[in-house]
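The following note sets out points for a colleague who wishes to examine this model. The points move from the overall layout to individual residues.

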Amino acid sequence: MAHEEIDSKTGLELPTLRRTARLFGRALLLRCPNCGGGPVLQHWLKLRVRCGRCGLRLERGEHDYFTGSMLFLFTLAGLLLFAVLVITMLATWPAVPWDLLQNGLPVLILIAIPALFPFSKLLWLAFDLMLRPATAEELEWHRGAKGEWSSERTARRDE
């Protein structure tokens, strides 16, 4: 049976400020945080399985990897809404347009979630790579793994 998931062998590392800025900068430019290359987007709402340059699987080979990017997505969207609310209140005080905010903020969140989607996926990958850099062994696995993801483990001993 083919093995489709890998457990990272890399322990947690304390990243340097320069490395952190490079990883997050690449993600914000919608490039692969690992190598800065690409392509990484299949279309706006779907990432490719692997980076077009280094071969890193953008879901890092773990079947539930997307949950971290969901946290990033909802946090980014919430911070954006909060910023719009505060700026609008400060700019219009004391005549705050409450009706506009009440109707506009839900529309803004519906626009923000798909608009921020690819950024959240790549920012999560950058965050993960910041703490668990990809090893040469892991990159080889990423390049050779067949499927997009699976719950099959490489460390199974019963086969």
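1. Layout. Helices (H or I, at least four residues) and strands (E, at least two) are taken as DSSP runs and numbered from the N terminus. On that basis the protein chain has four helices and two strands, and from the N terminus on its elements follow the order α-β-β-α-α-α.

2. Basis of the values. This is a predicted model, in which local features need pLDDT of at least 70 and side-chain atom pairs count only at pLDDT 80 or more, whereas totals for chains, interfaces and linings use all residues. Residues are numbered from 1 along each chain as its sequence is written, and side-chain values use heavy atoms, with hydrogens and water left out.

3. Burial and contacts overall. A residue is termed buried under 20% relative accessible area, exposed over 50%, and partly exposed in between (1.4 Å probe, protein chains only). Of the 159 residues in the protein chain, 35% are buried. Contact denotes heavy atoms within 4.5 Å. Among contacts in the protein chain with a separation of 6 or more, 72% are between residues 24 or more positions apart.

4. The nonpolar core. A nonpolar core is a set of buried Ala, Val, Leu, Ile, Met, Phe, Trp, Tyr and Cys residues joined through side-chain atoms within 4.5 Å. The largest such core has 21 residues, and C32, C54, L56, L122 and L125 have the most contacts inside it. Helices α1 (17-28) and α3 each supply at least two residues of this core; the largest share, seven residues, comes from α3. Apart from neighbours within four places in sequence, L122 is in contact with A27, L30, R31, P33, V40 and L47.

5. Packing of α1 on α3. How are these two helices arranged? The angle between α1 and α3 is about 160°, and their axes are 8 Å apart; axes here are lines fitted to C-alpha atoms, for helices over the stretch in contact, and angles run from 0 to 180 degrees between N-to-C directions.

6. Residue R19 is found in helix α1. Is R19 buried or exposed? Its relative accessibility is 17%, so R19 counts as buried. Not counting residues up to four places away in sequence, R19 touches E13, L129, M130 and P133. In the segment before α1 lies L12, which is exposed, with a relative accessible area of 69%. The C-alpha atoms of L12 and L129 are separated by 9.7 Å, although these residues are 117 residues apart along the chain. Beyond its neighbours within four places in sequence, L12 is in contact with L131 and R132.

7. Helix α2. What length should α2 have, and what does the model give? The 27 residues of α2 (residues 66-92) should span 39 Å at 1.5 Å a residue, and the end C-alpha atoms are 39 Å apart, which agrees. The expected span is 1.5 Å times one less than the number of residues in the helix. Buried residues in α2 include G68, S69, F72, L73, A77 and L81, and what covers the buried residues of α2 includes α3 (98-131).

8. A115 in α3. Residue A115 belongs to helix α3 and is partly exposed, with a relative accessible area of 34%. From C-alpha to C-alpha, A115 and L45 are 8.7 Å apart in space, while in sequence they are 70 residues apart.

9. Backbone geometry to check. Most residues other than glycine have a negative phi, and most peptide bonds are trans. The peptide bond from G38 to P39 is cis, with omega near 0°; P39 lies in the loop between α1 and β1 (41-43). The bond from W93 to P94 is also cis, with omega near 10°, and P94 lies in the loop between α2 and α3. Residue L30, in the loop between α1 and β1, has a positive phi near 60° in a residue other than glycine. At 15% relative accessibility, L30 counts as buried.
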